[in-house]
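Subject: Structure for you to look at

Hello,

Here is the structure I said I would pass on. Please open it alongside the notes below.

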Amino acid sequence: MTPRDPLDVGAADAAVTDGALPPQAAAASAAHSEPAAGDLDLAGDGDAGGTVLGRRYRALTLGIVSVVSLIAFEASAVNTAMPVAARALDGVELYAYAFSAYFTASLFAMALSGEWCDRKGPLAPLFAGIAAFAAGLLVAGSAQRMWMFVGGRAVQGIGGGLVIVALYVVVGRAYPQRLQPAVLASFSAAWVLPVIVGPLAAGTVTEHVGWRWVFLAIPVLVLPPLAVMLPALRALPPSELSAGMDRRRILLALAVAVGAGLLQYAGQDLSWLSLVPAAAGLALLVPCVLRLLPKGTFRAARGLPSVILLRGVAAGSFLGAESFVPLMLVTQRGLSATAAGLCLTGGGLTWALGSYTQSRPRLEPHRERLMGLGMLLMAVSIAMVLLALTDSVPAWIVAVAWVIGGYGMGLTISSGSVLLLKLSRPEDAGSNSASLQVSDALGNITLVGLSGVLFVTFGGGEIAPTSTAATHQPAAFGAVYVAMAAVALAGVWVTTRLRPVTV
């Protein structure tokens with residue numbers, strides 16, 4: 001899996017959930033400018049407590065980077081192991097839900113974590129999240145049925161949502177403002193090595209030891225960073241906020257998650273009876289989403305609503321296609337799990353390159369056009385994967401396609417975060433950033449779920465439950481890629497709506 005906004009200077013936006021982060025974390029969210037040269041001097045030979053790797057902050061920084069790296073490694077490893085796991089559990093028809101369940105659960109967990117951090121500080125939600133993440137890995141790794149595996153992924157999502165918000169709160173409270181850009185840069189850097197190493201390591205383990213160990217081995221690795229971080233976390237000053245949790249925000253996020261879950265359940269059934277959970281899911285999802293996103297988002301109103309809409313379109317279409325790439329390469333082209341996972345590696349690297357490109361000052365006047373170019377590159381990339389369904393086309397065309405698509409994502413996602421801040425009043429930056437993250441999660445949930453429905457509808461569930469024999473179902477994969485390419489093309493039109501009307 002390619003990283004979620006790996007070098008975005010607005011990376012802290014991802015932690016803001018419906019305006020729930022406390023003022024201490026707002027400092028982290030405000031650190032959107034490029035780090036100063038002094039802040040990037042990580043080791044520092046002068047003041048031992050004045051750098052993120054100085055004596056005062058070293059343990060906390062290393063612990064944070066280690067936790068982010070483990071989450072990043074797990075994310076990149078899952079794509080590699082998932083085709084083998086789904087076939088071993090005879091659950092290829094539920095393949096998409098192993099991905100969307102994670103995002104559905106994390107959407108609720110991020111809102112809960114923000115409120116929890118407000119009231120009790122980040123220590124409890126951080127450790128609860130890490131424990132839930134590890135428990136989800138154990139459930140998935142020991143699953144005997146595909147639904148149990150999907151449930152384990154949902155528990156992982158709860159843990160991941162709790163952890164990412166709590167980590168940003170820690171940054172806001174533990175580090176002075178001048179060091180926060182360097183810490184946020186380390187969050188981004190923590191994704192790069194796992195994206196490169198993860199597919200190779202996970203593929204090797206999957207092929208020679210078994211797919212279960214990709215999940216079962218990671219919880220043990222969580223313990224050392226916890227031990228390193230604990231003294232520094234205990235030394236954090238107590239929260240100055242005593243207000244109770246905003247239950248309305250938590251309930252809205254819970255309703256969205258439950259509604260999305262019901263829709264996903266209905267989508268995998270495709271019978272008349274499935275209309276009941278589908279209707280219930282829509283009844284929960286639609287009114288709550290309308291309260292969480294700005295007015296005009298779903299009609300692509302000019303300016304900020306379109307920026308927020310584009311985030312969901314971009315993230316969802318790319319992930320909806322990406323989730324099925326390794327499965328396609330394994331089942332249709334006969335590649336090993338390792339080779340299939342490595343085909344996505346280049347996308348992670350060019351994503352970082354695209355993020356760097358859009359950050360150049362001379363390109364600032366052309367930001368909306370850059371985002372349009374990014375969406376077009378994504379549509380071309382997804383369409384190119386269709387070529388790999390033909391045996392006469394070499395499978396490495398997928399690696400080339402994902403290099404192109406990753407660069408487009410870097411241009412689009414990172415620019416969107418910058419543009420959102422540009423269009424937001426200072427007092428609205430938190431809630432607007434929250435809406436951006438909600439749109440991201442909803443895009444992932446909805447479009448990955450749609451991909452799963454299309455995959456099953458066009459015969460994907462008939463792929464043989466074996467890790468060796470290839471079962472050709474090109475129509476199932478073709479339906480996914482055509483639909484996601486079409487969504488990405490629709491995103492090109494949305495980019496024409498990003499500039500607000502000038503009076």
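The model is predicted, so please read everything here as computed from it.

Overall fold. The chain has 18 helices and zero strands. Of its 503 residues, 59% are buried. Taking contacts between residues at least 6 apart in sequence, 82% join residues at least 24 apart.

The pair H2 and H5. Helix H2 covers residues 58-88 and helix H5 covers residues 146-174; they pack at an angle of about 160°, and their axes are 11 Å apart. Angles over 145 degrees count as roughly antiparallel, and H2 and H5 are therefore roughly antiparallel to each other. Their crossing is left-handed. On the H2 side the contact is made by Leu60, Ile64, Val67, Val68, Ile71, Glu74, Val78, Met82, Ala85 and Ala86. H5 contributes Met146, Phe149, Arg153, Gln156, Val163, Leu167, Val170 and Ala174. Sorted by class, this contact has 15 nonpolar residues, one polar and two charged.

The core. The largest nonpolar core holds 136 residues, and the members that touch the most others in it are Phe149, Tyr175 and Tyr481. H2 gives the most to this core, with 15 residues. Phe149 belongs to the H5 side of the helix contact described above. Leaving aside neighbours within four places in sequence, Phe149 is in contact with Met82, Ala85, Leu89, Ala98, Ala140, Ala143, Trp211 and Phe215. Met82 and Ala85 are also among the H2 residues that make the contact with H5.

Two threonines. Thr80 is in helix H2. The cut-off for buried is under 20% relative accessible area, so Thr80, at 1% relative accessibility, counts as buried. Not counting residues up to four places away in sequence, Thr80 touches Pro199, Ala202, Gly203, Ala337, Thr338 and Gly341.

Thr206 is in helix H6, which covers residues 180-208. Thr206 also counts as buried, because its relative accessibility is 9%. With residues up to four places away in sequence again left out, Thr206 touches Ala81, Val84, Trp211, Val214 and Ala337.

Regards

Conventions: Residues numbered from 1 in each chain as written. Predicted model: local features only at pLDDT ≥ 70, side-chain atom pairs only at ≥ 80, totals over all residues. Heavy atoms only, no water. Axes fitted to C-alpha atoms, helices over the stretch in contact; angles between N-to-C directions. Helix = DSSP H or I, 4+ residues; strand = E, 2+ residues; numbered from the N terminus. Parallel < 35°, antiparallel > 145°, perpendicular 65-115°, else oblique. Left-handed = near helix turned anticlockwise from the far one by under 90°. Contact = heavy atoms within 4.5 Å. Nonpolar A, V, L, I, M, F, W, Y, C, P; charged D, E, K, R; others polar. Buried < 20%, exposed > 50% of the residue type's maximum accessible area, 1.4 Å probe, protein only. Core = buried A, V, L, I, M, F, W, Y, C linked by side-chain atoms within 4.5 Å.
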